[in-house]
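Here is a report on a predicted model. Keep the sequence and the 3D view open while reading.

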Amino acid sequence: MSLLTVSGSPHIHSDQPVPKIMYGVVIAMIPAMLVSFYFFGLGAAKVMLTSILACLFFEWVIQKYLLRGPLTINDGSALVTGVLLAFNVPSSLPVWMTITGAFVAIAVAKMSFGGLGQNPFNPALVGRVFLLMSFPVQMTTWPIPKPLFGGTAVTDAISGPTTLGIVKEGLDAGKTVSELLPQLPTYAGELLGNQGGSLGEVSAIALLIGAAWMFWKKIITWHIPVSYILAVVIFSGIFWLINPEQYLDPVFHLITGGMMLGVFYMATDMVSSPINTKGMLIFGAGCGILTMIIRLWGGYPEGVSFAILIMNAFTPLINRSFKPRRFGVVKPS
Amino acid sequence: MCALKTFRNGGVHPPENKLSVTSAIEVFPVPRQAVIPVNQNLGAPATPLVNKGEAVKVGQLIAKGESFISSNVHSSVSGKVLKIDEMIDQTGFRKKAIVISVDGDEWDPSIDRSPMLKKEITLSKEDIVKKIHEMGIVGLGGATFPSHVKLMVPEGKKPEYLIINGVECEPYLTADHRLMLEKTAEIIVGVRILMKGLGVEKAIIGIENNKPDAIRKMAEAASEYPQILVQGLKVKYPQGGEKQLINALLGREVPSGKLPIEVGCLVNNVGTAFAVYEAVQKNKPLIERIVTVTGKTIARPSNYLVRIGTPVQELLLSAQADLDRTGKVVSGGPMMGKALNSLEVPVVKGTSGVLLFAEEHSSRIQLRACIRCGRCVGVCPMGLEPVLLAQYSARSMWDNAESNLIMDCMECGSCHYTCPSGRPLLDYIRMGKNKVGQNIRNRGKK
């Protein structure tokens, strides 16, 4: 001891710094990643690798040559964005498009606001929505899942709509739910991931396993997922009860499309969601309601990405309007 | 068993690290020289009554607290006054202190030094408060608020409960725990004295559940007094904050900016209860206290009964501290304690522990950008938004800080503890509190 360190209290810190949170999220995404490799094969691996490398590269290049700040690619946030972006696109997406998406996600949605913590919108979702609007055909061409081993082999290069796509098109064409049901995968198939869709969204089970890990490690709290799911269940449940021939049941809505991915991995993004629990509940409920409005009556079959991005925009307003429960204050002053 | 009681808002649970929990209290030898600061309480300093060269005895009044919120200071040793000078204290600044060169150990004869338990309370309510004032008792939980002032209930307020704080929610510290195990009967008498001095019929002793032996012993000792209840609590920091403790025990919330008496409560630490017992029953001033000496670089984590004025250095030597590996010495617990800049600093009335950190654990974690995770908001026991308050302070937006209740912050440090980016939230909030407090006082003057 040559000199004593003097600093203000507290003198101890919790053992969950930012990188541990970020890599914790990455670990949580591994089951869904493996499922995507299983069903979509090399295409999925290619998209995943491209997305991760491109995100890391853009973060590094911008931080080093434009912002000239300390290097942040080790904090894991660019890696999370990379995996999430890949999770949000079809496995047949051309490499250059994936790179474009990564550029928009990291350079436009994140670094131009100043990097981690400053971005108002979820970077991966901005990347996905940019791709969806710029390349609608490629972004909605869904390879049919083809299990690596033991699965019922279908011929090469077959693509088909997502489960939600089938429903949207069918209902728009005037069919009823009972007429459409035979065309849809079974609930078990949807849970396991045997349905058309983006890389990471197909298997609700794999995503739930990862979510359980994040809860266990206290990386995310229950507030946003629970209010999101409740809002979806209540909203879709009401319409299903009114007319089951025109509207599908809540369980269907929960396990199809990007719902599980959005609920647990993207709506819970710390940077772009509210900071107090009251706000988080409102945020989640808003996401749920917007998702269902878009799914039931919007132009797109899927509304998770849009719903979360719209609610991201409301986050500052929510933070301002809803304050935590103050200790010893009866009425808000 | 139903869910254990605890406070409602926020809170954290750092690793408890109660290394010294099995070390019985040892009487620490009298130092060769004692440095006794004249201000060891929250409030105004006391005025020295002795001069250089004067001989003093143990327990002799050497500085008198003359303002309303001030406290008497007694000599903890016998010997000669070497000088009255500015000496480095816990805050790192030089403050006035009486330095006594020790010679023998001659006590003031009016102090009853026998170990006999004296259960019968003979003094009247008024005399109890007077005695506590005279003996220089201050809150020993850490805030060092003069105890006699606390007992003087303002006009129109009616106390209902005496709350005794045996929570010791700070990691590492075990001084109160050991005291509850070894001086159980004395504490209960002290609690009864405080009840009488305050004029209440009910007392609740709150102890966290990580001290089952203390809960058992205290409940046993309190069993003959139905008006004293011992309540186990779920382990959660900062349960020892008085507002949190009242909330945990009674579900009541002290209104923002008000004192516990507002909800009919008064909180005192178990250490204070023991000091009150000694003052009232044994005529002994507050001249020594239990200090936990602990940390990962200490070979013998200990609980010492130390004379006020003993240099911290001597405690560390006795507890076999590896000073070469030590990077930080903290007076108090890891969450709210003060880092010392010198080992010559004396033990004072508010010193509950001396905690050592190894060199590698002495610095803060790497600073990163705020990721708006909201964890600081989630853990704030007062329901504040530390991230926001810190930003207001950093940008000198004092009015916004005030309207977002920055003055309710009790500096428990849960926000900084939990921050994944290592943001120095509490540093900024302290700065803001300082400034907003000034603004409020200035408004009052106009």
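A salt bridge here is a side-chain nitrogen of Lys or Arg within 4 Å of a carboxyl oxygen of Asp or Glu. Side chains of opposite charge can pair when their charged atoms come close. By that rule, three salt bridges run between chain A and chain B. This is a predicted model, and every value below is computed from it.

**Confidence in chain A**

Chain A has a mean pLDDT of 90. In this chain, 95% of the residues reach 70 or more. One stretch needs caution: over residues 153–157 of chain A, pLDDT stays under 50. For that stretch the model has two contacts beyond four places in sequence.

**The interface of chain A and chain B**

On the chain A side, 37 residues are in contact with 62 residues of chain B. The two chains bury about 4,200 Å² between them. Of this area, 55% is on carbon and sulfur atoms. Polar contacts also cross the interface: the rule finds 23 residue pairs, with both residues at pLDDT 80 or more. Helix α1 of chain A (residues 18–67) gives the largest share of the side of chain A that touches chain B, at three residues.

One salt bridge pairs Glu253(B) with Arg325(A). Their closest N and O atoms are 2.3 Å apart.

**Salt bridges within the chains**

Over all chains, the structure holds 26 salt bridges.

| Pair | N to O distance |
|---|---|
| Glu302(A) and Arg295(A) | 2.7 Å |
| Lys157(B) and Glu262(B) | 3.7 Å |
| Arg430(B) and Glu411(B) | 3.1 Å |

In the chain A pair, Glu302(A) and Arg295(A) are both buried.

What does the pair of Lys157(B) and Glu262(B) tie together? Lys157(B) lies in the loop between α2 (147–151) and β9 (161–166) of chain B. Glu262(B) lies in the loop between α6 (242–250) and β12 (265–269) of chain B. The pair therefore ties together parts that are 105 residues apart in sequence. Lys157(B) is partly exposed, at 35% relative accessibility. Glu262(B) is partly exposed too, at 35%.

Arg430(B) sits in helix α13 (residues 425–445) of chain B. Its partner Glu411(B) sits in the loop between α11 (398–403) and α12 (414–418) of chain B. The parts tied together by this pair are 19 residues apart in sequence. Arg430(B) counts as partly exposed at 24% relative accessibility. Glu411(B) is partly exposed as well, with a relative accessible area of 22%.

Chain B also has a network of salt bridges that share partners. It joins Asp105(B), Glu278(B), Lys284(B), Glu288(B) and Arg307(B).

**A sheet and a loop in chain B**

Four strands of chain B form an open sheet in the order β2-β8-β7-β4, with antiparallel pairing. Strands β2 and β4 (55–56) of chain B stand at the edges, each with a single partner strand, so one side of each lacks a neighbour in the sheet. Two bridges join β4(B) to β7 (residues 79–88) of chain B. These two strands run antiparallel. Within β7(B), Lys80(B) is the bridge partner of Ala55(B).

The loop between β2 (33–37) and β3 (47–48) of chain B holds Gly43(B). Is Gly43(B) buried or partly exposed? At 42% relative accessibility, Gly43(B) counts as partly exposed. The C-alpha atoms of Gly43(B) and Thr144(B) are separated by 9.0 Å. Along the chain, these residues are 101 residues apart.

Technical notes:
Residues are numbered from 1 along each chain as its sequence is written. Chains are lettered from A and ligands numbered from 1 in the order in which they are written. Side-chain values use heavy atoms; hydrogens and water are left out. pLDDT is the predictor's confidence in each residue, from 0 to 100. Contact means heavy atoms within 4.5 Å. Buried means under 20% relative accessible area, exposed over 50%, partly exposed in between (1.4 Å probe, protein chains only). Two strands pair if DSSP finds at least two bridges between them. Buried area is the accessible area (1.4 Å probe) that two parts lose on being put together, summed over both. A polar contact is a pair of N or O atoms within 3.5 Å; within protein, one must be able to donate a hydrogen and the other to accept it, and residues adjacent in sequence count only if both atoms are side-chain atoms.
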